[in-house]
Amino acid sequence: MYRRPDDASSLRVNRRQFLARAAATGALVALGGPAARAIGPLQATTVLRIRYKGNWSVNRGAAEALHEELRLRTSVAMADAPLTVDLTSPRMYDSLFAILAGDEAFTLNDDERGALARWLGLGGVLLFDNAGRTAPSDGFDKSARRELQKMFPQETLGRVSPDHVLYRTFYRLDYPAGRAIHKPYVEGLSIGKRFAAILDGNDLTGALARDEVGRFTNVPTPGGENQREMAIRFGVNLMLYASCLHYKDDQVHLDYLLHSRKWKIRPPQ
Amino acid sequence: MTLPLLAALEPTTERTLTFLGGGELWLDVAVWALGALVLGLTVWNHRRLLPVRRRLGMIALRAALVLTLILIFYQPAFLEERVAVHKNTVVVLADSSESMGLPHGPTTRLELERKLLERMAPWLDGLRDGHDLAFYRFGDHLADLPDLAKDPDAVREAVKAEATETRIVDTLGELRDRFRNQDIGGVVLLTDGIDTSGAGRRATLGLDTQAVLRDLDAPIYSFTTAGDDSVKDISVAHVAYNNFAFLLNATSLDATIEVHGYASGTIPVHLTENGQLVATQDVVVSPLERDYKVHFDFVPKKLGKHVFGVEAERQPDEIYAKNNLKQVIINIVRDKIRVVQIVGQPSWDERYLRNLLKENPNVDLVSFFILVNRFNLRPLSTRDTSLIPFPAQELFAEELGGFDLLIFQNFNYGPFQTRQYLPFIAQFVKDGGAFAMVGGPLSLSAGGYYGTPITDVLPVEIPPSFGAAEDTLDTQPFTPVLTESGRFHPITRLALEPATNKAIWNDITPLEGQNLVTRARQDAVTLLEHPRLKTADGDPQPVVSVREVGEGRSMVVTTDSTWHWAFKAGGAGKDPQNYESFWWNAIRWLIKDPELDLVKVKVLKESVPVGQPAQALITVFRADYRPAANQEVGVVVRRRGPGDGRGEGEEILRVPDAKTDAAGELRLDVPVDRAGIYEVDASSRVVTGRAAEGMDLFVGTDSNPEYDRVVGDARLLDNLAQASQGAVFGFDGDPTQLQLKEPQVIRVKSRQHKELWNAWWVLLLVAGLFGFEWWLRRRYGYL
């Protein structure tokens with residue numbers, strides 16, 4: 001269960017603020033109807049947790065936390081629990097969003113690499129989350145880059161611009177927070193017009209990791225619970241990117257956000 | 001067809017002096033040196049011989065002897081050849097098109113032409129020694145004429161102004177075919193210079209024409225009235241346009257106006273659409289110009305075929321007024337498919353459909369996804385999120401008519417206070433819009449649509465339950481089954497070959513979850529059905545059903561798992577393109593892509609002359625797109641008046657009970673007895689409860705192409721003359737100036753040398769010279 005952060009004072013609202021926000025939100029989005037459900041287990045949205053030869057299970061409970069936050073914050077019909085899968089498993093095709101987390105070097109075999117390349121090519125979005133403790137793991141970082149290079153030799157990882165729709169698919173964000181903030185950016189590898197792989201160096205799953213009773217196991221630094229909230233929001237945005245892609249780049253959204261909200265974002269080129 | 005007789009002259013013998021002797025250069029030099037030495041010695045020996053007359057006589061005698069011997073050294077001979085020289089043909093082409101009847105000063109072009117032929121007759125007759133003669137008249141094709149010199153009256157009778165077209169270049173091509181591999185000495189062309197084919201409007205000769213001239217290999221001499229400025233006429237000579245334009249997008253049309261005989265002034269030129277004035281431009285006429293370009297920009301506002309006319313206002317004393325108007329048919333089509341996609345919750349199904357629509361540059365997509373719902377417990381602030389209001393009022397009440405297709409994808413209207421807009425959506429469909437409802441836990445009965453106006457336009461009836469319940473949803477996986485109708489319907493046609501299509505559907509990736517419906521509507525067509533689940537009537541639950549509603553169309557897909565056909569199929573090594581094919585087929589059918597009309601009408605010619613029938617082909621399909629054999633078809637033909645739209649105008653033909661043949665086709669001849677815009681409407685009840693309709697337009701025209709331009713264009717004749725080394729003259733030109741090709745084909749029948757040097761008289765000559773010299777020497781006492 002979600003535990004209210006002790007130091008999340010900025011997120012606390014008094015009754016007056018709550019009513020004002022609720023009224024505004026209600027007017028804006030006209031809150032949806034029945035709780036989001038799915039007709040069939042495969043139609044529920046699932047986060048895939050990739051199992052590979054290496055420390056894949058670092059930051060346990062993070063995927064579950066992301067599931068819960070998505071269910072609590074968005075209309076996405078989330079499955080009851082994330083799915084842990086091998087790269088060569090047919091169940092990879094139960095979802096288009098996956099997290100491959102780790103804090104050490106790893107190597108995929110040819111079958112795994114081929115399966116992952118096909119999954120990405122058909123539409124999947126994969127987050128490589130570098131869970132290095134004091135700094136991003138050099139071994140994990142190099143491994144992720146090497147594997148992507150082998151899978152897509154024509155493509156290169158590049159910094160995702162702060163103006164990219166990834167930072168406003170649901171929440172408006174300025175940077176990708178995680179348990180740490182080693183880098184103020186993530187890198188992405190494009191297939192066509194979408195990012196298929198995103199390399200995060202801030203240990204996003206570390207900010208979401210929980211123990212068996214639901215307590216967060218790490219304290220985000222340096223921002224504490226505020227930073228955790230920002231990390232959760234980035235996780236939500238990642239999932240919304242996987243399911244809606246550039247929806248928030250549509251003209252109707254840009255017009256409203258630029259003019260009614262006075263946002264200072266650059267329209268996509 | 002008769003061909004001129006290619007007779008050869010009587011064979012003759014040609015004799016040429018040649019030398020068989022001689023040899024190497026040194027031998028020639030030696031012989032000539034020896035001769036010179038002999039002559040030199042002769043002069044030396046006779047230097048004191050007197051009198052001088054006797055000395056010169058002796059030297060001359062010796063010189064003659066030496067030259068004779070040298071001549072013998074070269075062995076002179078006559079080359080005798082028997083040769084036959086064939087004549088080539090001079091072709092006379094006389095224009096006998098209608099425009100030759102137009103006046104030219106006090107007479108007519110035809111009379112000028114006849115007089116020229118009479119004047120030419122003696123000259124042509126004089127050519128017979130070296131040329132054959134061939135006489136033709138031409139209009140739209142080549143026809144024989146009698147021999148002018150032998151029967152001038154018959155020629156005069158035969159050359160009339162009667163052909164309805166003039167095809168000068170085509171006539172030359174026909175001439176080339178008749179005289180292939182034969183020599184033509186020249187082409188004498190008598191015409192007013194009006195070529196009614198496309199070649200007549202070209203500034204330069206086309207490649208085909210150049211090839212014809214190369215093959216003819218003969219000079220073309222034209223006698224013409226082209227450029228005659230004695231007539232007064234204004235014509236719309238040409239309209240350049242695209243036969244399709246995009247709705248609400250500016251397009252243009254260019255017209256060429258030819259003005260003859262009007263020195264100065266302003267001529268208004270109008271652009272009309274279905275007889276209604278769209279724009280007017282004033283053409284300022286100057287004496288130095290003949291052709292004027294008029295450019296019209298306009299914005300088409302209605303879909304379908306429309307007749308656009310360019311008309312120059314009639315001026316006083318015009319020789320022919322019907323060439324002031326030219327009409328063309330332009331098909332107005334969508335530039336983009338405008339689609340609204342409204343999604344109740346983000347999902348992989350939504351992701352794939354949006355991506356499909358967004359990636360296509362021909363789709364103008366507006367998406368609205370509901371990203372939060374009332375069960376979300378985390379507080380949200382507009383400051384922190386990118387959520388925007390759902391513009392129900394603008395979308396459903398104000399802008400919906402501007403879209404072609406509305407998609408409700410797993411969307412429930414309830415929480416958005418949009419129930420009042422649902423009648424607008426139903427009306428949108430009845431008025432011609434397309435609507436697709438895609439299943440999911442927020443769709444159909446689960447979305448609370450039972451009893452709403454939207455159900456009136458759906459192809460299925462839904463149960464009254466609300467929300468996710470056993471009688472609204474089934475969560476089990478299944479493989480949909482292609483119905484018999486689905487085998488032929490374009491939506492489920494994933495391969496052209498029916499057997500291949502069936503195999504694809506048999507192997508299609510399974511789906512999961514189903515919105516349950518009560519039954520498919522009677523006038524709906526179910527294309528895919530559930531393999532196990534049944535409706536209230538015991539029929540299989542529809543998975544994909546379509547329906548024609550009023551002027552519009554609707555579709556229901558009772559599952560939110562068609563993304564399996566792309567992503568899961570690809571993962572399983574199957575073809576992920578089936579997803580795209582299915583949805584694009586569906587969208588094309590929903591927006592009534594004309595290619596998918598159930599009744600198609602096609603008039604074979606866009607412009608039909610009055611008096612000739614227009615041929616219409618009507619093709620009818622059943623709702624599942626099988627050919628509708630022996631299907632009753634109602635056909636109505638109308639002639640529209642100015643400003644009339646579809647279905648308006650004077651009815652000129654009604655065939656209420658025609659029947660298609662086994663291929664679902666009906667051919668019909670439409671009488672055209674007056675000029676105007678004709679509309680052919682066909683309707684057939686291939687869909688229960690309503691008639692499917694098709695329509696096509698054509699223009700019935702009484703404008704004579706011969707009079708589209710009443711003054712010939714000298715450019716064509718100049719170009720022909722320049723390319724063939726010919727020339728252009730007026731009808732008063734002198735034919736004797738023509739430089740015809742000499743006959744060139746010479747065949748040697750025999751050849752022999754007749755030697756001169758070994759003849760008896762040569763020996764006698766040499767002996768005589770020697771003897772005479774000997775006699776003189778004796779007489780003068782030199783021996």
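Residues 24 or more positions apart account for 76% of the contacts in chain A with a separation of 6 or more, a contact being two residues whose C-beta atoms, placed from the backbone, lie within 7 Å. Chain A has seven helices and seven strands, in the order α-β-α-β-β-α-β-α-β-β-β-α-α-α along the sequence. Helices (H or I, at least four residues) and strands (E, at least two) are DSSP runs numbered from the N terminus. Of the 269 residues of chain A, 50% count as buried. A residue is buried if 20 or more other C-beta atoms lie within 10 Å of its own, exposed if 12 or fewer, and partly exposed in between, with C-beta atoms placed from the backbone.

The model is a predicted one, in which local features need pLDDT of at least 70 and side-chain atom pairs count only at pLDDT 80 or more, while totals for chains, interfaces and linings use all residues. Residues are numbered from 1 along each chain as its sequence is written, and chains are lettered from A and ligands numbered from 1 in the order in which they are written.

One helix of chain A can be followed in detail. Helix α4(A) covers residues 138–151, and its 14 residues should span 20 Å at 1.5 Å a residue, which agrees with the 20 Å between its end C-alpha atoms; the expected span is 1.5 Å times one less than the number of residues. Its buried residues are Phe140(A), Ser143(A), Ala144(A), Glu147(A) and Leu148(A). They cover an arc of only 125 degrees around the axis, so they are on the same side of α4(A); the arc is that of the directions from the helix axis to the C-beta atoms. The cover over these buried residues includes β3 (97–102), α3 (110–121), β4 (125–130), β6 (187–191) and β7 (194–200) of chain A. On the face turned away from the buried side are the exposed residues Asp138(A), Lys142(A) and Lys150(A).

In chain B, strand β28(B) (residues 540–549) has nine of its 10 residues buried, so it is largely enclosed by the rest of the structure. Strand β28(B) pairs with β27(B) (residues 524–534) in the antiparallel sense over six bridges; two strands pair if DSSP finds at least two bridges between them. Six bridges also join β28(B) to β29(B) (residues 552–557), again antiparallel. Arg547(B) in β28(B) stands opposite Ala524(B) and opposite Ser554(B) in β29(B). The hairpin of β27(B) and β28(B) has five residues between the strands, and Gly538(B) there takes a positive phi near 90 degrees. In the hairpin of β28(B) and β29(B), with two residues between the strands, Gly550(B) has a positive phi near 55 degrees.

Elsewhere in chain B, an open sheet of three strands has the order β30-β32-β35, with antiparallel pairing. Its edge strands are β30 (599–603) and β35, each pairing on one side only. Five bridges join β30(B) to β32(B) (residues 614–620), where Val599(B) stands opposite Val620(B). Asp673(B) is found in the loop between β35 (665–670) and β36 (676–687) of chain B. Asp673(B) has 11 C-beta neighbours inside 10 Å and so counts as exposed.

Confidence is given as pLDDT, the predictor's confidence in each residue from 0 to 100. Chain B averages 88, and 96% of the residues score at least 70. Over residues 1–8 of chain B, pLDDT stays under 50. Where pLDDT is low, the predicted coordinates should not be read in detail. The predictor gives the complex an ipTM of 0.85 and a pTM of 0.64.
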